[in-house]
Amino acid sequence: MFSTTHTNATHLDLCLQMTVVNISVATLTAGPTTISVGGSVTLTCSVQNSDGWKYYWYRRTQVTSAVPVDPVRVDDEQNRVIRVSQGGIYRCSGGRGKPVYYTISSYDITIVITFSNEAVLTQQPHWPQLFSGETITLTCEVHGGGTTEWMYEWKGPMLDVQWTYNNYQTFSVSESSSGDYMCRSRPRDDSYSSTQWSKAVTLSVSGKPKALINADVREIPVGGSVTLICSVNPSSGWKYYWYRDETSSEALTTKDAVFQSNGQIRVSQEGVYWCRGGRGNPVYHTEFSDPVTINKKGQFELVSYEWKLQNKMIQKEFFLQFFCIPFTYSQISFNLSPSCFSPV
């Protein structure tokens with residue numbers, strides 16, 4: 001008969017020992033990302049409930065692969081806390097032991113740095129009211145930007161320009177150009193950093209204006225002159241140009257009139273006068289004003305006229321009045337009739 005001996009009696013215990021190890025994952029956090037030019041953003045990498053790690057950092061962009069970062073250390077040689085001054089897509093991982101055991105890399109975190117340096121937008125010429133067809137230049141500058149080489153982005157009703165090397169935009173305005181314009185800047189080698197948008201410059205554009213002409217009187221007295229005034233509303237930066245007889249003629253000069261002030265002249269020659277305004281470089285001209293006709297007042301002439309009244313011949317001296325003469329500045333002859341005279 002066989003006898004069976006139970007293995008438990010030998011106290012032979014087969015023990016299966018299993019150790020479950022949690023997979024370690026690095027965690028990346030970032031500090032404030034609004035800094036001044038030359039400043040930095042603090043990044044922290046950690047592995048929860050564990051120590052002994054050394055940390056490794058990587059940066060990439062949307063068009064480049066990840067490369068190791070040579071960080072500026074903050075706390076210790078383990079690179080747990082670093083500072084960076086360049087925006088981009090960052091991740092980190094931990095490693096320890098020999099051979100090195102690496103954690104799973106952290107999630108990517110995009111660092112978009114906003115520089116506190118102010119982008120300032122200016123307008124030249126700085127006229128409060130613009131007119132359709134005028135040319136202006138908007139210029140974007142970074143205050144305190146140092147030697148940084150910048151790129152510029154623009155936005156406005158008629159100006160939507162992505163990053164460009166030019167810090168100015170020159171364009172001809174129309175009525176649809178009215179509205180707010182802004183700019184911002186970023187370093188040429190960092191597409192993840194920029195200034196905030198500048199304060200807006202508001203453009204107000206109207207249709208092409210027409211000059212207005214006024215004369216103190218329309219008749220030039222004997223030996224005298226007439227004052228003509230030209231204006232554009234609103235008046236800002238205008239120089240005025242004067243024309244006689246034809247708008248296609250050359251503008252009047254000091255040989256033709258006395259220029260008392262910008263927009264005001266005195267003339268002693270009869271004719272049809274126009275004016276218009278101009279400003280800017282190249283010069284933008286307004287529409288011509290309506291014409292104004294300036295005549296010379298008739299000179300009083302002493303004449304003798306014999307006229308028979310009540311069967312008697314009476315000799316009298318009379319003054320010839322201008323209103324009795326069918327006369328324009330281009331006429332050189334006229335007819336007289338007795339009804340044009342009044343006894344002196």
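This report walks through strand pairing, salt bridges and a surface patch in a predicted model.

## Ground rules

Because the model is predicted, local features need pLDDT of at least 70 and side-chain atom pairs count only at pLDDT 80 or more, while totals for chains, interfaces and linings use all residues. Residues are numbered from 1 along each chain as its sequence is written, and side-chain values use heavy atoms, with hydrogens and water left out.

Let's start with β4, which spans residues 54-60. Strands here are DSSP runs of E with at least two residues, numbered from the N terminus. Y55, W57 and R59 make up the covered face of β4, and K54, Y56, Y58 and R60 its uncovered face.

β4 has an antiparallel neighbour in β8 (residues 88-96), joined to it by seven bridges; two strands count as paired if DSSP finds at least two bridges between them. Within this pairing, Y55 has G94 as its bridge partner. β4 also pairs with β5 (residues 67-68), again in the antiparallel sense, over two bridges. Here Y58 is the residue opposite P68, and six residues lie between the two strands of this hairpin.

## A hairpin and an open sheet

Another hairpin is formed by β15 and β16, with two residues between them. β15 (residues 150-156) and β16 (residues 159-164) are antiparallel and share four bridges, and Y152 faces T164 across the pair.

Further along, an open sheet of four strands runs in the order β22-β24-β27-β26, with antiparallel pairing. Its edges are β22 (212-215) and β26 (258-261), each of which pairs on one side only. On average, neighbouring strands of this sheet are turned by 25° against each other, direction ignored; the axes are lines fitted to C-alpha atoms, and angles run from 0 to 180 degrees between N-to-C directions.

## Salt bridges

The structure holds five salt bridges, each defined as a side-chain nitrogen of Lys or Arg within 4 Å of a carboxyl oxygen of Asp or Glu. One of them joins R279 to E134, at 2.6 Å from N to O. R279 belongs to β28 (residues 271-279) and E134 to the loop between β13 (130-131) and β14 (135-142), so this pair ties together parts 145 residues apart in sequence. Both R279 and E134 are buried, where buried means under 20% relative accessible area, exposed over 50%, and partly exposed in between (1.4 Å probe, protein chains only).

R184 and E153 meet at 2.8 Å, N to O. Since R184 sits in β18 (residues 179-187) and E153 in β15, the contact ties together parts that are 31 residues apart in sequence. R184 is partly exposed at 23% relative accessibility, whereas E153 is buried at 8%.

K210 and D290 form another salt bridge, with their closest N and O atoms 2.7 Å apart. K210 lies in the loop between β21 (205-206) and β22, and D290 in the loop between β29 (284-285) and β30 (292-296), 80 residues apart. K210 is partly exposed at 43% relative accessible area, and D290 is partly exposed at 47%.

## A nonpolar patch

Finally, take a look at I23, V25, Y101 and I104, which make a nonpolar surface patch of about 380 Å². Patches are built from residues with over 30% relative accessible area and no salt bridge, joining like charges within 9 Å and nonpolar side chains (Val, Leu, Ile, Met, Phe, Trp, Tyr) within 5 Å. Accessible areas come from the Shrake-Rupley method with a 1.4 Å probe, and for residues only the protein chains shown count as cover. I104 is found in the loop between β9 (101-102) and β10 (109-111), and is partly exposed with a relative accessible area of 45%.
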